[in-house]
Amino acid sequence: MRRASTLAASSALSRALLASSEQQQYNRLFQAASFYGGINVGSSRRWFSTSMRSISQGGYSGAAKFFLSLGGLAAASIAAGASSFLVEEGAYAKELLKPDLIPKDVVLYQYEACPFCNKVKAFLDYYDIPYKVVEVNPFSKKEIKWSDYKKVPILMVDGESLVDSSAIIDQMGNRIIPVKSSSALSNDDEEKKWRRWVDDHLVHMLSPNIYRNTSEALESFDYIANNGNFSLSEKYAVKYAGAAAMYFVSKKLKKKYNITDERAALYEAAETWVNALDGREFLGGLKPNLGDLAVFGVLRPIRYLRSGKDMVEHTRIGEWYSRMESAVGESSRIKA
Ligand SMILES: N[C@@H](CCC(=O)N[C@@H](CS)C(=O)NCC(=O)O)C(=O)O
């Protein structure tokens, strides 16, 4: 009985979503569903539109059945895990910046769960650069209407807009760390190599893992829906349609990036990173460098999801991760 009413409610929701300007609605929903991880898969968008259309027409086969059955599942919350970690501040001294190098007004346009945005936040937090956050609505993107660049993160620094996480960090780094120590200079190539590895490899491990089954997809979208900038109705659409869509999209991503076992691939990436540390506390030696901050930043949104917990349980990455939590310390985010 409860299942029947859940199915009806899900069906009504999907019909409502599809009622006006269908194609635009599919595209927006897909965008919202796929924003996590910067996914850009044209055929997945078509797949999503088709699935949503089949749901709206009552053709409950394949993906549609799956989508409708989601209503019966309980979404796991990560809140308890996330709020229970304690940051041991001060164990690792931070590099102090000269006050005149710290920008006066920094605003980050972001999606809370976006790994690229979290990479930028790890940098800002580590260097204690105060920043305001504007959470962008992935449907309307009205908060970044003023910008030609339609992705996040966008960092506004004293009136200048910077885009693309790695480019933002490069430009901010050049501005606030003008003279590098000789040891930092000698590790430059290694730092660059691992920062590239984060963008080219590590980020692609995330979506297949956090959406790998229904409960993990719901857990992830519960987090996204509760932390993003959504209206109440969008929240529901994002949580259930998003979780359903991303479950399937993540299967496509596995193919695209030649991943057969997503957990094994995540563990392998974590082990690869620990091997890169080669016994050092951080890639940067006694202090984190931009490589450490990049890996930490993209892993931060998944750390207390099922996949992040599994990763820490099954690999050697946990100790480094805890050192990073301690080194990065509290967020330097300020109220907008
Ligand atoms: N290379 C970019 C990728 C940024 C990116 O793909 N961001 C995603 C969010 S995680 C995005 O804005 N996607 C477009 C959208 O949501 O429409 C970076 O490192 O900043």
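Lys335 counts as exposed, because 5 C-beta neighbours lie inside 10 Å and a residue with 12 or fewer is classed in that way. In this predicted model, Lys335 belongs to the segment after helix 15 (317–328). The C-alpha atoms of Lys335 and Pro130 are separated by 9.6 Å, although the two residues are 205 apart along the chain.

**Overall composition**

- The protein chain has 336 residues, of which 40% are buried.
- Its secondary structure comes to 15 helices and four strands.
- Taking contacts in the protein chain between residues at least 6 apart in sequence, 78% join residues at least 24 apart.

**The nonpolar core**

- In soluble globular proteins, nonpolar side chains tend to be buried together.
- The largest nonpolar core in this model has 70 residues.
- Within this core, the residues with the most contacts are Val120, Phe123, Ala243 and Val295.
- Helix 11 (residues 232–256) supplies the largest share of the core, namely twelve residues.

**Helix 6 and helix 7**

- Helix 6 (residues 115–126) packs with helix 7 (residues 165–176) at an angle of about 15°, and the two axes are 9 Å apart.
- Helix 6 is therefore roughly parallel to helix 7, since angles under 35 degrees count as such.
- The crossing of helix 6 past helix 7 is right-handed.
- On the side of helix 6, the contact is made by Phe116, Lys119, Val120 and Phe123; on the side of helix 7, Ser165, Ile168, Ile169 and Met172 make the contact.
- By class, the residues of this contact between helix 6 and helix 7 are six nonpolar, one polar and one charged.
- Val120 and Phe123, which take part in this contact, are also among the residues with the most contacts inside the largest nonpolar core.

**Helix 9 and helix 13**

- The axes of helix 9 (residues 188–210) and helix 13 come within 8 Å of each other and cross at roughly 10°.
- Helix 9 and helix 13 are therefore roughly parallel.
- Helix 9 contributes Glu191, Trp194, Arg195, Val198, Leu202, Val203 and Leu206 to the contact, while helix 13 contributes Leu290, Gly291, Ala294, Val295 and Val298.
- The residues of the contact of helix 9 with helix 13 comprise nine nonpolar, one polar and two charged.
- Val295, part of this contact, is one of the residues with the most contacts inside the largest nonpolar core.

**Phe296 in helix 13**

- Phe296 is located in helix 13 (residues 290–299).
- Leaving out residues up to four places away in sequence, Phe296 touches Ala122, Met324 and Val328.
- Phe296 and Val328 are 32 residues apart along the chain, and their C-alpha atoms are separated by 9.4 Å.

**Asn229 in a loop**

- Asn229 is placed in the loop between helix 10 (214–227) and helix 11.
- Asn229 is partly exposed, with 17 other C-beta atoms within 10 Å.
- Apart from its neighbours within four places in sequence, Asn229 is in contact with Glu135, Val136 and Asn137.

**Backbone features**

- Most residues other than glycine have a negative phi, and most peptide bonds are trans.
- The peptide bond from Val152 to Pro153 is cis, with omega near 5°.
- Pro153 lies in the loop between strand 2 (132–135) and strand 3 (154–157).
- Asp158 is a residue other than glycine with a positive phi, near 45°.
- Asp158 sits in the loop between strand 3 and strand 4 (160–163), and it is exposed, with 10 other C-beta atoms within 10 Å.
- Asp164 also is not a glycine, yet it has a positive phi of about 75°.
- The loop between strand 4 and helix 7 holds Asp164, which counts as partly exposed with 17 C-beta neighbours inside 10 Å.

Methods. Residues numbered from 1 in each chain as written. Predicted model: local features only at pLDDT ≥ 70, side-chain atom pairs only at ≥ 80, totals over all residues. Axes fitted to C-alpha atoms, helices over the stretch in contact; angles between N-to-C directions. Helix = DSSP H or I, 4+ residues; strand = E, 2+ residues; numbered from the N terminus. Parallel < 35°, antiparallel > 145°, perpendicular 65-115°, else oblique. Left-handed = near helix turned anticlockwise from the far one by under 90°. Contact = placed C-beta atoms within 7 Å. Nonpolar A, V, L, I, M, F, W, Y, C, P; charged D, E, K, R; others polar. Core = buried A, V, L, I, M, F, W, Y, C linked by C-beta atoms within 7 Å. Buried ≥ 20, exposed ≤ 12 C-beta atoms within 10 Å, placed from the backbone.
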